[in-house]
Number of protein chains: 4
Amino acid sequence: MPNRYAFLGPEGTFTEAALRDLRPEAPDDARIACEGIPSVFDAVRSGAVDAGVVPLENSVEGGVTATIAELINGEPLVITGETAVPVEFTLFTKDGTALEDVKRVATHPHALAQCRGWLAQNLPDADTHAVSSTAAAARSLSEPGSPYDAAICASIAGERYGLRSLATGIGDHSDAATRFIYLSRPGTLAEPTGSDLTSLVAFINTDHPGALVELLNQFAVRGVNLTRLESRPTGDKLGSYCFCIDAEGHVAEARVGEALMGIRRVCRDVRFLGSYPRNDQALEADPPLRPRTATDADFAEAEQWLARIRAGYVD
Amino acid sequence: MPNRYAFLGPEGTFTEAALRDLRPEAPDDARIACEGIPSVFDAVRSGAVDAGVVPLENSVEGGVTATIAELINGEPLVITGETAVPVEFTLFTKDGTALEDVKRVATHPHALAQCRGWLAQNLPDADTHAVSSTAAAARSLSEPGSPYDAAICASIAGERYGLRSLATGIGDHSDAATRFIYLSRPGTLAEPTGSDLTSLVAFINTDHPGALVELLNQFAVRGVNLTRLESRPTGDKLGSYCFCIDAEGHVAEARVGEALMGIRRVCRDVRFLGSYPRNDQALEADPPLRPRTATDADFAEAEQWLARIRAGYVD
Amino acid sequence: MPNRYAFLGPEGTFTEAALRDLRPEAPDDARIACEGIPSVFDAVRSGAVDAGVVPLENSVEGGVTATIAELINGEPLVITGETAVPVEFTLFTKDGTALEDVKRVATHPHALAQCRGWLAQNLPDADTHAVSSTAAAARSLSEPGSPYDAAICASIAGERYGLRSLATGIGDHSDAATRFIYLSRPGTLAEPTGSDLTSLVAFINTDHPGALVELLNQFAVRGVNLTRLESRPTGDKLGSYCFCIDAEGHVAEARVGEALMGIRRVCRDVRFLGSYPRNDQALEADPPLRPRTATDADFAEAEQWLARIRAGYVD
Amino acid sequence: MPNRYAFLGPEGTFTEAALRDLRPEAPDDARIACEGIPSVFDAVRSGAVDAGVVPLENSVEGGVTATIAELINGEPLVITGETAVPVEFTLFTKDGTALEDVKRVATHPHALAQCRGWLAQNLPDADTHAVSSTAAAARSLSEPGSPYDAAICASIAGERYGLRSLATGIGDHSDAATRFIYLSRPGTLAEPTGSDLTSLVAFINTDHPGALVELLNQFAVRGVNLTRLESRPTGDKLGSYCFCIDAEGHVAEARVGEALMGIRRVCRDVRFLGSYPRNDQALEADPPLRPRTATDADFAEAEQWLARIRAGYVD
């Protein structure tokens, strides 16, 4: 049976674009649109699909709450891949509608927030209507008797629903991008590629100040750089946070393995979320800083030295 | 002319409850409901109102993106107060509707996420509909010809719109709370009370690893504890973050002032967001750890000692 | 053949007292007095004796330069034990000499420095003469035709050479003590006792600031406390230091082993000097601070967790 | 009355060479040789001389215990200058003595330690005799009826006492140097020159681990690099240390002043030892790493920014 992949639907979302990027070989009917992020997770967990794609963070809005909540508290899945998609918003209408005729614009609230400047300048009198996704806006607009005149969505969505582009690149942040993760069931690990990321969630002990510095030091002393640090509420009470962390390297590497063990010891809890090939394009703006003395060979040399010492030799 | 206060409307939101908590003496017509968080900021900036209240963070969902975006990038306002409101969700219907008759439930997406467990167990077959706020759900339900059978919202909203409570405390997190901030135009500072918080946004220099530890050390060496650390995208590109920080103490205190100057020196940019009386109830679960040697008297003693040394004396 | 032990002589030194403390069962002829600290090291290295005792640090004077130079630069020996001896200085004379007749006092320069206050008050007019050890002063005084009237030395020395005590406890620091180490040839390690110390010398990379903090963090993140940190010149040039460190724990413990490997990786060079039972009496004033989560069981649990993760399991 | 300067005598010591370097204009009779380091301190304290010179540290032996003891515990003086002198040892004899005739060599124990290699190779059968200084060895050798055949000392001493050089550069460390400090009575401070050092002694609170890192961070967060860190016993008990620190910069600079105040607050005690022009030659091997954002202008800018914030302005 061919592989099947869930993504945050409906058809035409940026998430579908991410899945096409990650699995370009998959036929159309292998991509299963799910309504809502939890449904994507559930589809992977149940085995209904082989893997799933959801957004993790956006360069304008930050972490995607529903994804992070599932990663932190849901039944565990592992991240085995990532990609990033530029967020380019387009204003679509139906054939025959001119810009001056647009009175009612539908889109997702986040898109609305990111196109606020353009709308204020170009459609100051139009009403805006929040719907559940940008693709849903496009679909709704395409339906007969739609209450809307226009939709803001990805070009993939406008094309899917046969709409006409009136204005492209209308987002206020021209470099905006969304990062997507590829989720699998636990059981195997991706092979290290030499350019990987490792994701985890750390619940620090808050019984003493400096606990966060302590956590960061666990990485620093092993030469592991962090590429993302995002605090999230634990859901318990105000002022209680956990930290979602992306670190350079693969759990199979000595430096990462030892750092994870250190975090395991000093934190109240830690959840491993996966090691996976880094999408260098996604993070190219932050080239990895080469750590000193943190290769597997460095670790092996130190281990051999320790073994000699423990056997009574001194050099 | 009496004072006027903007809040995130419509009437009946948790934000209105927060405003009533912060300004119990204000008459009903002094509270101005605004549509959308940016509108509250704009009403304060323009002088249309004297102050405004918006949600800042929720113990389940985390930081409120729109509020943080305005604080970071908008024309500056200052935080001059805070409060916290327990998030208690109630299922409201119109008179005569029984639980088994509820087929269409309206509420805000965040409320939906937080009541997911209860809904799955008690209304597994009902459709859920996302609207712009929990209060809007209540208002819509109260209107003749409403497409909904029920609304999930705060009790204040259900009462406001004459609805009937069917089930209370239906949120999955019984301790959930939202923290609200009170916004004023710049120009004066609240007096120190002895139990204050100071908020700021720090944009660290990412040209070297360890920049975050460097930032945290600027507080630590002056005996200033942090009560909140939240990373947010700067909006520039993936992987570029700034840090929203709440620290114990008032900018008028020596330890806080010196820490702010240190951050100013080592960061690419820093924005001061205000010093204001701490709502101890809101954060009571994390009692402040008393810093050693960080009182104004300690700073004054050290300053006098330095002055003696600089004058050539030695003791 | 019975065991033989070298010590820093001549007979009657504090070092002999330390050896008697460490090897109370050794017969008199098993203790070999050596002239000079390097001779003790050489006697152990050559196999002429089985072990040796030298002073390492004094609570008033600090590290003993000759001992540290041998430990750092000499052919390697390992420390397999330690003890501490209170430094109690006694003024000895020959029978018949009264305090007012003392005009010429012999002792070691360090003893002179430590009895300066008592001498100024009680023998303001006496000449002081520096000799190579306090025991040598006693021996010289006991010889016929000695140019001295009195010697300042340990009571063991006065008794050995048949002198008469005139005044005891004449040191300016009543709590003064000297710490001695027991040196063996490499080849075996002392068994861990549960209360051990590990000594090493670390040569940090001075090509970037913060290298010392980096070194200290290698211990801190593994829950290893330091009981001694002493900088010494490397002998290369002014401003070039290495650090002599005593850390709690035994190299056979996971936390110490991992810390040593970390130091090995980040330092230019590191020399292991031994793991040995702690003389709790010697250091009782600084009770060990119990590290969190740094037992071998903690390390084993973290290692098992990592193994599960690397095998693809997630919990 | 012309100025007078004390130095550690007798005539011909390395310390005299240092004084000549620091005060080349002083006539011969302005240089007062003192016996013992405490005597130099006392001569300055009493006003018998205007200033004094003593050795502080040696690149082979480390800190000079007597000097450090006076700086830490004695009646305060301030360091107002420094210099460094290469330690070049020469073997001097009287006219007519050949190398093969040398049987008894006098010198200071430290010189003995530093020439051990040369002596073992070239004079394996000679007896060595420890005297109170290398210059005293030269003086003694020059006296009629001297018990010695040779002296190891500085060339300045050999010349002073009319001896003949048999072998130069006989030290085992060809780059050995000693650093000397210039001591004045408190009352004025040297003007900042742009390349200064500040010396101090810090007594850390040992009631919690990490106190040393805390101390080092007080410098780091203000962009102040350290050029020397030397632990010394406090004299109280084994395991109790204080830290002698040389930091880049002058106490009149904002970064150094603020760092000193921070140390004053977190330490049990701190003693300021002086700010003085750096002898760049002495420390040239460690060029100062330029701190980021730590100039007086940086501090002033941050101070103005804080003043604006405290006045209610926000930018």
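Visitor: How many residues does the contact take from chain B and from chain D?

Guide: The model is a predicted one. In it, the contact takes 30 residues from chain B and 30 residues from chain D. On the side of chain B that touches chain D, the elements giving two or more residues are α8 (211-220), α9 (254-266) and α10 (296-310) of chain B.

Visitor: What is the division by class of the side of chain B that touches chain D?

Guide: That side divides into 17 nonpolar, eight polar and five charged residues.

Visitor: How many residues of chain D are in contact with chain C?

Guide: There, 40 residues of chain D are in contact with 39 residues of chain C. Residues count as being in contact if their C-beta atoms, placed from the backbone, lie within 7 Å. On the side of chain D that touches chain C, α3 (65-73), β11 (177-184), α8 (211-220) and β13 (226-233) of chain D each supply at least two residues. The largest share, seven residues, comes from β13(D). By class, this side of chain D has 18 nonpolar, 13 polar and nine charged residues.

Visitor: Which chains do not touch, and how far apart are their nearest C-alpha atoms?

Guide: Chain B and chain C do not touch, and their nearest C-alpha atoms are 11 Å apart. Chain A and chain D do not touch either, with nearest C-alpha atoms 11 Å apart.

Visitor: Why is α8(D) called roughly antiparallel to α9(D)?

Guide: Helix α8(D) packs against helix α9 (residues 254-266) of chain D at an angle of about 160°, with the axes 8 Å apart. Angles over 145 degrees count as roughly antiparallel, and therefore α8(D) is described as roughly antiparallel to α9(D). The crossing of α8(D) and α9(D) is right-handed.

Visitor: Which residues make α8(D) and α9(D) meet?

Guide: From α8(D) come E214(D), L215(D), Q218(D) and F219(D), which meet A259(D), G262(D), I263(D) and V266(D) of α9(D). The residues of this contact divide into five nonpolar, two polar and one charged.

Visitor: At what angle do α2 and α3 of chain D pack?

Guide: Helix α2 (residues 37-46) of chain D and α3(D) pack at about 35°, and their axes are 9 Å apart. The residues that make the contact are I37(D), P38(D) and F41(D) of α2(D) with A66(D), T67(D) and E70(D) of α3(D). By class, there are four nonpolar, one polar and one charged.

Visitor: What describes the packing of α2 and α3 in chain B?

Guide: Helix α2 (residues 37-46) of chain B and helix α3 (residues 65-73) of chain B pack at an angle of about 35°, with axes 9 Å apart. In this contact, I37(B), P38(B) and F41(B) of α2(B) are set against A66(B), T67(B) and E70(B) of α3(B). Four residues of the contact are nonpolar, one is polar and one is charged.

Visitor: What makes β8 and β10 of chain D edge strands?

Guide: The open sheet of five strands has the order β8-β7-β9-β6-β10 in chain D, with mixed pairing. Strands β8 (127-130) and β10 (164-168) of chain D each pair on one side only, and they are the edge strands. From one strand to the next, the twist averages 30°.

Visitor: How do you know that β7(D) and β8(D) pair, and in which sense?

Guide: Two strands pair if at least two bridges are found between them. Strand β7 (residues 104-107) of chain D and β8(D) have four bridges, in the parallel sense. Within this pairing, R104(D) stands opposite D127(D) of β8(D). Helix α6 (residues 134-142) of chain D packs on the sheet, touching β6 (90-93), β7 and β9 (150-153) of chain D, and its direction makes about 155° with that of β9(D).

Visitor: Where is the cis peptide bond of chain A, and what is its omega?

Guide: The cis bond joins G9(A) and P10(A), with omega about 5°. P10(A) is placed in the loop between β1 (5-8) and α1 (14-22) of chain A. In chain C, the peptide bond from G9(C) to P10(C) is cis, with omega near 5°. Most peptide bonds are trans.

Note on methods: Residues are numbered from 1 along each chain as its sequence is written. Chains are lettered from A and ligands numbered from 1 in the order in which they are written. This is a predicted model: local features need pLDDT of at least 70, side-chain atom pairs count only at pLDDT 80 or more; totals for chains, interfaces and linings use all residues. Two residues are in contact if their C-beta atoms, placed from the backbone, lie within 7 Å. Ala, Val, Leu, Ile, Met, Phe, Trp, Tyr, Cys and Pro count as nonpolar, Asp, Glu, Lys and Arg as charged, and the others, Gly among them, as polar. Axes are lines fitted to C-alpha atoms, for helices over the stretch in contact, and angles run from 0 to 180 degrees between N-to-C directions. Angles under 35 degrees count as roughly parallel, over 145 as roughly antiparallel, 65 to 115 as roughly perpendicular and the rest as oblique. A crossing is left-handed if the near helix is turned anticlockwise from the far one by less than a right angle, and right-handed if clockwise.
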